[in-house]
Amino acid sequence: MGKHTLKTNITSLQGDILVPGDKSISHRSVMFGAVAEGVTTVTGFLMGEDCLSTVSCFRQLGVEIEEHADQMVIHGKGWDGLKEPKEVLNVGNSGTTIRLMMGILAGRDFHTTLIGDESIGKRPMTRVTKPLSQMGARIDGRQSGEYTPLSIRGGGISGIEYRAPVASAQVKSSILLAGLQADGKTTVIEPEKSRDHTERMIRQFGGTVEEDGLFVSVRGGQTLKGTHIKVPGDISSAAFFLVAGAIVPDSSITLKNVGLNPTRTGIIDVMREMGADLTIEEIDGEQMEPVGNIHIKTSHLKGTTIGGDLIPRLIDELPIIALLATQAEGETIIRDAHELKVKETNRIDTVVNELSKLGADITATDDGMIIQGKNKLSGGIVSSHGDHRIGMMLAVAALICNDEVSLEQKEAISVSYPQFFADLEKLM
Ligand code: S3P
């Protein structure tokens, strides 16, 4: 866990990046493949630590998963093909793995214990353990099911209508995965719409799901069929280069094969609103998820206000958007983003503290932050705090710093983007 000197004072970034696979879709491809009947093949799978945690957990649940250079092959044997694991399942740093897997395990009549790393041990789980318990799963955990270690014995569950207190795709997906195995109908009502990869994937695996505004419903007793999944590039990973291209002088970058699902493209709307020189070329013929190439050039930016139902469409991009705002004329306000406090780190605190160390004018609020631009960044010793997105944001910030920048806990970046520094180098 040494210190890593970051590249600073960069005068230009030029070139193309083939963005790595979408993390949310990669997780779901393995989970759905595991509970479907027959073989599922997945291309473009993200070989990041989080998705590999999902692979190892499903192997422990008895699913055969082959890793090839060009694809993953998952040998699903249906819901009943899952077996009681002999050991504790470790989800590492991955909130998506634990929360979605709980939904699957809620329908299985066997016992499982789930643990994760130090960060997972601080993340709220009642948001899934409460609705899944209401459906009939027997779940316990530290502080009455709020924190790991969690244990679950599922089976014999019934559908519910659940009004989710937060817009969270992890919560919605967990309940829908349980609902697919429950008696009767399960409905989730969200306060704002969160990413819909689970809904799209249910259809891709031959299942049915009804969507009506903020209502999403599934019927129980559905059998899923193995399929082929082509994972698009992750817009949340592309985001670091979108911002780098906009703030580093004399830059022109093309991000190729980026997933453009409208529930994920909030960053594009915000960058355009701020005046970014950004163009999109959509690629035709993609089935499950829309995909395109995004071109970004050095931009003259102005501040903006970000809140309301835009927040779930860019929740993971807020750290890098905060950096973007330091280079925009005037004030940027981020509000309605309480959820940042329960990510891999408290991202209101980590973004504000680490960017302040580099000389940014940024203040924490109860539900977001206020940033005054545009100001030159200096340098200093910063840390990812074990949070991949904070690490990458700081590496992009360093590009426009005048003085030396050292990053502690750089290795966290492998959670979602193991090739990040190699890709960044290619543009220099
Ligand atoms: C994810 C949903 C989001 C996001 C996370 C991935 C998913 O979390 O922050 O990185 O794959 O469903 P929430 O559902 O908690 O908002």
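Which helix does Ser24 lie in? Hi everyone, let's start there: Ser24 sits in helix H1, residues 23-35. Helices (H or I, at least four residues) and strands (E, at least two) are DSSP runs, numbered from the N terminus.

A quick word on the model. It is predicted, so local features need pLDDT of at least 70 and side-chain atom pairs count only at pLDDT 80 or more, while totals for chains, interfaces and linings use all residues. Residues are numbered from 1 along each chain as its sequence is written, and side-chain values use heavy atoms, with hydrogens and water left out.

Back to Ser24. This serine is buried because its relative accessible area is 8%; buried means under 20%, exposed over 50%, partly exposed in between (1.4 Å probe, protein chains only). Beyond neighbours within four places in sequence, Ser24 is in contact with Arg195, His197 and Arg264, where contact means heavy atoms within 4.5 Å.

Now Lys343. You'll find Lys343 in the loop between strand S19 (330-334) and helix H11 (347-357). Lys343 is buried too, with a relative accessible area of 17%. Not counting residues up to four places away in sequence, Lys343 touches Arg123, Ile315 and Asp316.

Finally, a sheet for you to look at. Four strands form an open sheet in the order S6-S7-S9-S8, with mixed pairing; two strands pair if DSSP finds at least two bridges between them. Strand S6 (89-90) and strand S8 (138-141) are the edges, each pairing on one side only. S8 and strand S9 (residues 147-153) pair in the antiparallel sense over four bridges, and Ile139 stands opposite Ile152 in S9. Thanks, everyone!
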